[in-house]
Amino acid sequence: MLKEFKEFISKGNVMDLAVGVIIGGAFGKIVSSLVNDVIMPLIGLILGGTDMSNYFLTLDGGKYATLAEAQEAGAATLNYGLFITQVINFLIIAFVIFLMVKAVNKARSLTKKPEPEAAPTTKECPYCKSTIDINATRCPNCTSELK
């Protein structure tokens, strides 16, 4: 069992997957920073200078100025501003992945050589128009000699 596990780990696909997960995690942090530090402040500015993370509803009916204040008081909150931030984060990641897959598919199509067509194995008799073997010298249907 240990030998099988060693073979499984040493295969290229597992290593590729590990590299992909590590790069994906780092990429996720970059996108999160882009959303939280660049896009959401711009959206907040457009919406009147408010911070999207402070868009929340308290479920206990209390009034709090910020989400941190509500959480410190132990109030149950519905954090729709944070949810909107995560949705934007997801859409950016999905769009970038879409562009990457599209680029890879295009690169593959440029390097992929078209397969040559197979040589024909049959031909048509010029007299009776039936399909016959390409190597036939006489038509088996009309018995005409072929050139």
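**A guided reading of the predicted model**

Ser-144 lies in the segment after strand E4 (131–133); helices (H or I, at least four residues) and strands (E, at least two) are DSSP runs, numbered from the N terminus. The model is predicted, so local features need pLDDT of at least 70 and side-chain atom pairs count only at pLDDT 80 or more, whereas totals for chains, interfaces and linings use all residues. Residues are numbered from 1 along each chain as its sequence is written, and side-chain values use heavy atoms, leaving out hydrogens and water.

Ser-144 counts as buried because its relative accessibility is 18%; buried means under 20% relative accessible area, exposed over 50%, and partly exposed in between (1.4 Å probe, protein chains only). Leaving aside residues up to four places away in sequence, Ser-144 touches Tyr-127, Thr-137, Arg-138 and Cys-139, where contact means heavy atoms within 4.5 Å.

The largest nonpolar core consists of six residues: Val-31, Val-35, Met-40, Met-52, Ile-88 and Ile-92. Such a core is a set of buried Ala, Val, Leu, Ile, Met, Phe, Trp, Tyr and Cys residues joined through side-chain atoms within 4.5 Å. Helix H2 (12–46) and helix H4 (80–111) are the elements that give two or more residues to this core, and H2 gives the most, with three. Beyond residues up to four places away in sequence, Val-31 touches Asn-89, Ile-92 and Ile-93.

One aromatic pair is found in the whole structure. Tyr-55 and Tyr-80 form this tilted pair, 6.0 Å centre to centre with 35° between the planes; rings of Phe, Tyr and Trp (its six-membered ring) pair if their centres lie within 6.5 Å, with planes under 30 degrees apart counted as stacked, over 60 as edge-to-face and the rest as tilted. Tyr-55 is partly exposed because its relative accessibility is 21%.
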